[in-house]
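Please walk through this structure from its loops to its ligand, and explain the setting of each residue along the way.

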Amino acid sequence: MSETTTRGELEPDESTLNRANDATAHADSFWAAARSELEGLPGGGLNIACEAVDRHVRAGRGATVALRWRGKNGERRDFSYAELASLSNRFAHTLHQLGISKGDRVCTLAGRIPELYIAALGTLKAGAVFCPLFSAFGPEPVRVRLSKSRARVLVTTALLYQRKVRAQRVDLPDLAHVLLTDSGGAEPGVHSFHALLDAESDAFTLPFTAPEDWALLHFTSGTTGTPKGAIHVHEAIVAHRLSARLVFALRPGDVYWCTADPGWVTGVSYGIIAPLAHGVTLVVDEADFDAGRWYALLEQERVNVWYTAPTAIRMLMKGGTEPARGYDLSALRFAASVGEPLNPEGVRWGQEALGQPFHDTWWQTETGAILIANRHGQELRPGSMGRPLPGITTAIVRRRPDGGIDRLDAGEEGELAVRVGWPSLFRGYLDDAERYQACFADGWYLSGDLATRDVEGYYWFLGRDDDVIKSAGHLIGPFEVESALLQHPAVAEAGMIGKPDPFAGNIVKVFVALKPGYVASAALHKELLGFARTRLGPAVAPRELEFIADLPKTRSGKIMRRLLRNRELGLPLGDLAVLDTDVTPTC
Ligand code: WT7
């Protein structure tokens with residue numbers, strides 16, 4: 001056995017799924033059964049927003065609270081499924097009025113405000129492609145993503161527009177309309193989000209969207225090049241919905257809280273789509289992390305299912321178990337984590353402080369949905385990411401020089417791979433077929449993560465096989481950070497690494513070699529950090545910077561970030577022979 005497929009562990013009442021989930025069933029019939037639970041559109045169509053919102057209204061559940069929004073200044077607003085349906089209808093109308101048609105990209109650049117959720121769902125209804133941008137990105141990452149996506153519409157706030165977009169609009173010829181959520185339209189091409197919606201009808205007939213039509217565009221980073229736009233289609237909701245049931249055991253009446261920001265894939269797949277597809281109440285907190293606020297929110301909203309991240313868990317752990325004990329968290333039935341390694345201490349701390357252990361789950365922007373998890377109702381292995389979900393086949397593999405792969409046995413270390421054929425697998429990187437192809441071999445998707453599998457089929461994370469890092473759960477690619485520094489006249493070369501940090505997992509650190517004529521000084525150090533922060537924004541900017549005479553490079557000039565990492569950790573710089581090797585970039 002060199003691969004693992006978990007079978008036969010579905011909810012007892014899921015008879016359709018159970019029929020398909022016998023030992024001989026093929027993944028296709030498994031997913032076809034999952035698909036048959038969806039409503040669909042006449043003529044074989046499928047629309048994520050219709051499954052997430054409208055079907056509940058049609059089924060008489062329109063009065064259920066879909067979105068409970070907690071503002072950072074203490075506001076609390078409920079949106080029922082019926083209200084969310086009508087507001088997203090108005091947004092879909094607005095897009096059509098603005099001339100947006102199928103496949104056009106609609107971006108958001110905003111914190112966790114209700115308008116973002118309305119825009120996401122309305123975009124999907126209009127048949128356009130929703131592309132969220134993280135609000136803590138600086139002007140440079142924002143411009144790159146707006147440009148690469150060829151966004152036609154941007155929904156944002158007056159402040160974010162002013163700070164991060166306005167001056168760059170000359171470089172964004174496709175961006176025809178900016179919709180401000182908190183102000184009127186003061187100049188051409190800038191409108192008031194609310195004025196436009198108020199002018200529209202709240203009845204809307206969805207255009208036909210096929211299951212393979214593009215729905216979501218999520219930017220993610222690799223070692224090389226600019227960020228890659230991972231494309232997801234409407235069919236992905238089959239996996240969003242089923243995985244949320246299998247992993248979290250979501251059920252009607254649940255209150256669910258996902259702390260991830262919708263500027264990233266978790267905040268969309270599990271912070272919008274999956275919970276709404278189950279008709280539960282989704283809690284959204286606009287404020288940033290604060291331990292006391294979070295415990296109070298879990299208590300006050302009587303959260304049943306909670307999905308968060310190791311960085312947040314480590315921050316909570318900093319305060320010990322005592323603070324949580326002051327709150328009534330008895331409603332909490334399941335707690336889960338994603339995005340970075342979750343150590344056994346974190347799992348157990350959940351049990352002690354919250355009364356529920358954290359269940360680790362694994363997936364990526366490219367996989368669209370959770371593929372490996374410590375699921376509800378199954379044995380939890382602290383320190384392991386869990387086992388593949390039903391319908392998912394995973395393996396640990398090694399790439400061969402001829403482009404094929406060899407599957408490895410239990411206990412061996414290699415790359416985590418997933419057999420192609422699940423609904424939320426990304427369908428491409430925007431305008432980059434080559435990089436997309438590089439992610440696959442012999443019918444398997446290669447994740448770029450290094451891991452090992454034990455004899456019982458549990459997967460254990462070891463690291464990445466490339467140079468991207470996770471800082472506070474956010475994936476950051478070296479190219480973006482290094483390019484920003486290279487724009488400074490003093491910088492000849494820059495190399496980014498993740499420096500281990502007890503809370504953020506890693507912080508961004510850059511090594512900088514100066515051009516002739518420039519001298520390292522405290523003033524220049526400060527200037528460069530400020531320069532990078534202004535361009536990149538707080539989420540991506542380096543926290544540390546070190547001057548270095550020369551960056552270690554391969555013969556063809558590629559920076560050896562691994563050696564920089566070793567230097568940082570005080571490890572040997574490594575075999576110098578490695579300097580002759582060019583590591584071929586993967587996806
Ligand atoms: C990368 C994907 C997290 C899903 C959405 C973000 C790392 C993910 C785990 C885990 C250790 C994890 C991997 C992966 N990662 N889950 N449970 N344990 N590492 O997706 O931003 O594309 O990040 O996050 O390295 O490749 P993403």
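Asp 104 is buried, because its relative accessible area is 16% and buried means under 20% relative accessible area, exposed over 50% and partly exposed in between, with a 1.4 Å probe and protein chains only. The loop that holds Asp 104 runs between helix H4 (81-97) and strand E4 (105-109); helices (H or I, at least four residues) and strands (E, at least two) are DSSP runs, numbered from the N terminus. The side chain of Asp 104 makes a polar contact of 3.2 Å with the side chain of Arg 152. A polar contact is a pair of N or O atoms within 3.5 Å; within protein, one must be able to donate a hydrogen and the other to accept it, and residues adjacent in sequence count only if both atoms are side-chain atoms.

The model is predicted: local features need pLDDT of at least 70, side-chain atom pairs count only at pLDDT 80 or more, and totals for chains, interfaces and linings use all residues. Residues are numbered from 1 along each chain as its sequence is written, and side-chain values use heavy atoms, with hydrogens and water left out.

Most residues other than glycine have a negative phi, and most peptide bonds are trans. Ala 249 is not a glycine, yet its phi is positive, at about 55°. Ala 249 sits in the loop between helix H9 (237-248) and strand E11 (255-258), and is buried at 8% relative accessibility. Ala 472 also has a positive phi without being a glycine, in this case about 50°.

Leu 342 belongs to the loop between strand E14 (334-338) and helix H14 (344-354) and counts as buried, at 6% relative accessibility. Leu 342 and Val 455 are 113 residues apart along the chain, and 21 Å separates their C-alpha atoms. Ala 549 lies in the loop between strand E29 (544-547) and helix H18 (561-569). With a relative accessible area of 70%, Ala 549 is exposed. From Ala 549 to Leu 514 the C-alpha distance is 7.5 Å, across 35 residues of sequence.

How many disulfides are there? The count is 0, where a disulfide is a pair of cysteine sulfur atoms within 2.5 Å. Cys 131 is buried, at 0% relative accessibility. For Cys 258 the closest cysteine sulfur is in Cys 131, 18 Å away, so this pair is also too far apart for a bond. Cys 258 is buried too, with a relative accessible area of 7%.

An unreviewed UniProt entry places "domain: AMP-dependent synthetase/ligase" at residues 61-430. That span is 30% helix and 25% strand, and its end C-alpha atoms lie 37 Å apart. The feature "domain: AMP-binding enzyme C-terminal", likewise from an unreviewed UniProt entry, is placed at residues 480-558. Residues 480-558 are 28% helix and 32% strand, with 15 Å between the end C-alpha atoms.

The last topic is the ligand. Of the 18 residues around the ligand, those that come nearest are Thr 361, Gln 364, Thr 365, Arg 464 and Lys 470; a residue is near a molecule if one of its heavy atoms lies within 4 Å of it. The shell divides into 8 nonpolar, 5 polar and 5 charged residues. Here Ala, Val, Leu, Ile, Met, Phe, Trp, Tyr, Cys and Pro count as nonpolar, Asp, Glu, Lys and Arg as charged, and the others, Gly among them, as polar. Helix H10 (265-277), strand E15 (358-362) and strand E24 (459-464) each supply at least two residues of this shell, and E15 gives the largest share, 3 residues.

In the side chain of Arg 464, an N or O atom is 2.8 Å from an oxygen atom of the ligand. The protein covers 96% of the 550 Å² of accessible area that the ligand has on its own; accessible areas come from the Shrake-Rupley method with a 1.4 Å probe, and for residues only the protein chains shown count as cover.

Definitions and conventions:
UniProt positions renumbered as here; feature names shortened; annotations may be inferred.
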